[in-house]
Amino acid sequence: MPQKKIALIFLLLNSIFLNYTFAQKINEVDKIVAKYPKSFATTEKLAERIEKDFDSDYDKARAIYSWMAFNIKYDFNAFLNPPRSQGFSYSTEAEKQRKIKQINDNLIQKSFKSQKAVCEGFTALYQHLASLMEIKCEIIRGDSKISVRDIGRKTTSSNHAWNMVLIDKKWILVDVTWGQGYYDSSKGRMVADFSPIYFDTDPDYFFAKHFPDSGSYLGNRLSKEDFLNGPLIYNKTIEFDYKIKSPESGLIEVKRGDKITFEIKNVSKSNQVFYLNKYNKPVKVQNPKEKRGGLEFQILYDNNVGEYITIFVDTNSIVSFKII
């Protein structure tokens, strides 16, 4: 079959799968929240509505997440042109804390009223809404891994923020900024794409894409090297629980003519597995073997393989590696 026809089929299948999976990923809490007004007069009114409709703290925390993800958009212009830091003077510690609180309150109300924010606004508003329902919530700042260019970076930077929420004596991880959508560089704009996977995310997946400034989570040290050098995983990897067993590192040292062995859990021969060569053409993996609840296959490193290898499962990008 000609390569152009294969690519066209992949695009068509991708459209079908996107519509199907969107219907699947909306749970009962999200269905109720989707019928809420797009805006409320005050944050207190929104909190009252959520408390009226839901009993458990878990469902309330999810309702905050889904309402914000449905209605608050990422302000990419503010990301590109951040406002200058606000300086202020104070004579006492009490005055200092009062002014910090006022700046934070202004950020919360601006995010809520304008329905636009960057991660600082998302996390502050989420924490505020949780506090109105007496749910304990913290803001965590750290690094994020979003691009193949992040594989093998030398150091971390503080460029992102997310929340930790205490539910039934257990902390859960929440990143509502990533739940609302993504930036499409080909279109030059933000795309609304509700994703539930960043609410109560499995820590193994979460910390493959996030690294806190503290370097720790609930008192346990996290590996900065694993974060920096690990492969880049995508949303569908988390959604379908595609665990990447091999290679463990995102940096693959290889010579021309070598075969690279990959193993991905929860994938079978019934799945369409392929990668894109350096000409952006799909190449189906050959002779895959089912192994230990997953799929093992090899890719020959030749002149057709580019600087990165991205594996696709059923038209969805799953994981990327950098070739050394």
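Predicted model: local features only at pLDDT ≥ 70, side-chain atom pairs only at ≥ 80, totals over all residues.
User: Which residue just after helix 6 takes a positive phi?

Analyst: Gln 115 does, with a phi of about 60°. Residues are numbered from 1 along each chain as its sequence is written, and side-chain values use heavy atoms, with hydrogens and water left out.

User: What should the 22 residues of helix 6 span, and how far apart are its end C-alpha atoms?

Analyst: The expected span is 1.5 Å times one less than the number of residues, which gives 32 Å for helix 6 (residues 93-114). The end C-alpha atoms are 32 Å apart, so the two values agree.

User: Why are Cys 119 and Cys 137 called buried?

Analyst: Buried means under 20% relative accessible area, with exposed over 50% and partly exposed in between (1.4 Å probe, protein chains only). Cys 119 has 6% relative accessibility and Cys 137 has 7%, so both count as buried.

User: How many disulfides does the structure hold?

Analyst: The structure holds zero disulfides, a disulfide being a pair of cysteine sulfur atoms within 2.5 Å.

User: Why do strand 5 and strand 8 stand at the edges of the sheet?

Analyst: Two strands pair if DSSP finds at least two bridges between them, and four strands form an open, antiparallel sheet in the order 5-4-3-8. Strand 5 (170-174) and strand 8 (210-212) each have a single partner strand, so one side of each is left without a neighbour in the sheet.

User: How do you know that strand 3 and strand 4 pair?

Analyst: Strand 3 (residues 137-144) and strand 4 (residues 160-167) are joined in the antiparallel sense over six bridges, and in strand 4 the bridge partner of Cys 137 is Val 165.

User: What makes a nonpolar core, and which residues touch the most other members of the largest one?

Analyst: A nonpolar core is a set of buried Ala, Val, Leu, Ile, Met, Phe, Trp, Tyr and Cys residues joined through side-chain atoms within 4.5 Å. In the largest, of 66 residues, Met 68, Tyr 126 and Ile 311 touch the most other members, and the largest share, eight residues, comes from helix 4.

Note on methods: Helix = DSSP H or I, 4+ residues; strand = E, 2+ residues; numbered from the N terminus.
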